[in-house]
Amino acid sequence: MSDLTHRIEGIAAPLPIANLDTDQIMPKQFLHGIDKKGLARGVLWDLRFTGDGQPRPEFILNRPGYAVTRILLAGPNFGCGSSREHAVWGLQQYGIQAVIASAYGEIFFSNAMNNRLLAVLLPEDQVQALMAESAAAAEPLALAIDVEAMTVASPARTLPFTLGDRHRAMFLKGTDMIGASLEHRDAIEAFARRHWDAQPWVKDVAARTRARLDGVGEAPAPYAASASPR
Amino acid sequence: MNAARTLYRKLVESHTVAVLDEQNVLLFCDLHLMNEYTSPQAFAGLHEQSREVLVLGQNVATVSHVIPTHPDAHRVIRDPAAALQASNLKRNCTRHGIALFDTNDALQGIEHIIAPEHGMIRPGMVVICGDSHTTTYGALGALGFGIGTSEVEHVLATQSLVYRLAGDMRIRVDGRLPVGTTSKDLILMIIGRISAQGARGHVVEFCGGAIAALSIEARFTLCNMAVEAGARGALVAPDQAAIDYVLARAPDISGDLRERALAHWATLRSDDDARFDIEHRFDASDVAPHVTWGTSPDQVIPIDGTVPAPEGARGASTEQALRYTGLRAGMSLEGLAVDHVFIGSCTNARIEDLREVAEIVRGRRVARGLRAMVVPGSGAVRAQAEAEGIAQLLVDAGFEWRLPGCSMCLAMNDDILEPGQRCASTTNRNFEGRQGRGAITHLMSPAMAAAAAVTGRITDIRRMAPGSAE
């Protein structure tokens, strides 16, 4: 694969909002595709635009110099809430290559890494220090993230961060996750046989339930036994 | 020597195909649920790589998020993009032979309602879905959690997942829930106390007398909303109530198989000396009806409490939330007028929820000028409510009685609020814009939402007499 990432450099926009959820990162009206296209427009829509679609000039991404933002300096628990991966796809299509925060919504974190949107974890006081540095600077703050060395560098400081080996390899080597797991295919199939021998009631549970509900077996009556008519 | 293990560890270990490194295992998945909006790109990726679905029989799909809920005889999705999502799901399921609950299937519904109600969720399973509220299944002692679309593709291709191990958290709740409160109030209280990221990185096991006393449907609500505290899963060790619930819905588990299943399920509990990374304790007798005032589920107060002032570490969030919800520090939520009432979602659209609503509404009417909607969680729930007379009672009282779907929980269909509208809602998220841009969501229990519907204001259910018998 050609899109390996060793270094991410560019303007960092501070978004000091705790619990910024994926509903806000990518609102519902942008979730009606069957592909991943066209999501840049929806990123942080309600924060970027007024109700009648005019840009909010005071919002950070609409300010001069931030049109080329590559990194978000975010509040804690960024990306909490809905599992929608559209939030990650949209941020990337908008041009964001990394987010820096002290904590992420769990599903967002996995989604980000699976798409190689780098989710850097730094302690909250260090995130705040970068935000303060940004606020004090005359120009938008530029940061450089070295994925290999695992550091975030600003004009004033260089901060180390940690990244699991697996995630690091995805950026540096471009691991195909599904391909890597399919190398375990024999082990998966052997596991499944043992698992179903021990617990036959979980084998084909979806297909067998659907067949039963379709009348191949007994008729469905999920509440008949427990109903207490009033 | 075998170290003492938590139920969570047992579930992970019994599904580990391979240990990948210190943090990650390849985890086998027993049941994979899909919907029309988080699966299309996964199927597309699979097809691009010419990969097949590895184990068909463990996958099932439903049209839930974009489906309209108007009570038409035949449902037509009018929005072309949403209609394409539904037809695309059908095409993908047909192509691969995957079980589907399609738009006009009498049993269609929200994934987290239909899977357990038809016996697909069994204790000890690993269940995943491209939807964050998959934590629901912990109520039956199954490890459920939400995944993204890349992972949906991964599960389709491998029936397994690269799974980052979580920490162990235990939340013990003793005492009894007071009259007028439910597991919704309990979980809202817990989220308020430990915060929206209080369980982040952990799988929560709920235990204690108050949990044991909850019905299975009440436990679904509890585990469903654990994700709003950031939990990566929620569990309740399966007891007799859970086993009875499952066996009543799984006629295939009979005879010798039944004995083997019972023997296995009896092992699904944390060992007595198992260690948890974090432990919390709460007393259920402290629980009052809870209502959110802000834009995060942890911005919640008891109905007899007051809206907090913006101070301390959370000051900026509080200030922003107050600005959005149009409330003031120090005010009470009781008496606050609402424009809309929404009863539905994977959190609170089961038959017991609707019975609680009916209890309050009986002999009363929806307040003038207010719009109140009930969206049952599935076709089976809807049919049951109709058989019990609940549907007629609600219609007579002025509620809209809708067809099943996710509906106004996230407003991906046409059930959406206008800017500035204030809604009493039985759903799970009060995020800014969740139910419509500029709309304000107050999360609460079904009974509290019913009370708001008939009084037109947020009302303390404990001060209301039950509905009349007539």
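## Contact and burial

Two residues count as in contact if their C-beta atoms, placed from the backbone, lie within 7 Å. The model described here is predicted. What covers the buried residues of helix α6 of chain B includes strands β9 (167–174), β12 (278–283), β13 (290–292), β14 (300–302) and β19 (440–443), together with helix α8 (216–225), of chain B.

## Helix α6 of chain B

Helix α6(B) takes in residues 183–194, twelve in number. From its first C-alpha to its last it reaches 16 Å, close to the 16 Å expected at 1.5 Å a residue.

Eleven of the twelve residues of α6(B) are buried, so the helix is largely enclosed by the rest of the structure. Among the buried residues are Ser183(B), Lys184(B) and Asp185(B), as well as Leu186(B), Ile187(B), Met189(B) and Gly192(B). Ile194(B) is buried too. After α6(B) comes Ser195(B), with a positive phi near 85°.

## A three-stranded sheet in chain B

Strands of a sheet pair through backbone hydrogen bonds, either parallel or antiparallel. Chain B has an open sheet of three strands in the order β1-β2-β8, and the pairing is antiparallel. The edges are held by β1 (16–19) and β8 (160–164) of chain B; each has a single partner strand, so one side of each is left without a neighbour in the sheet. On average, neighbouring strands of this sheet are turned by 25° against each other, direction ignored.

Between β1(B) and β2(B), which covers residues 24–28, there are three bridges, and the two strands run antiparallel. Ala18(B) stands opposite Leu26(B) of β2(B).

Definitions and conventions:
Residues are numbered from 1 along each chain as its sequence is written. Chains are lettered from A and ligands numbered from 1 in the order in which they are written. This is a predicted model: local features need pLDDT of at least 70, side-chain atom pairs count only at pLDDT 80 or more; totals for chains, interfaces and linings use all residues. Two strands pair if DSSP finds at least two bridges between them. Helices (H or I, at least four residues) and strands (E, at least two) are DSSP runs, numbered from the N terminus. Axes are lines fitted to C-alpha atoms, for helices over the stretch in contact, and angles run from 0 to 180 degrees between N-to-C directions. The expected span of a helix is 1.5 Å times one less than its number of residues. A residue is buried if 20 or more other C-beta atoms lie within 10 Å of its own, exposed if 12 or fewer, and partly exposed in between; C-beta atoms are placed from the backbone.
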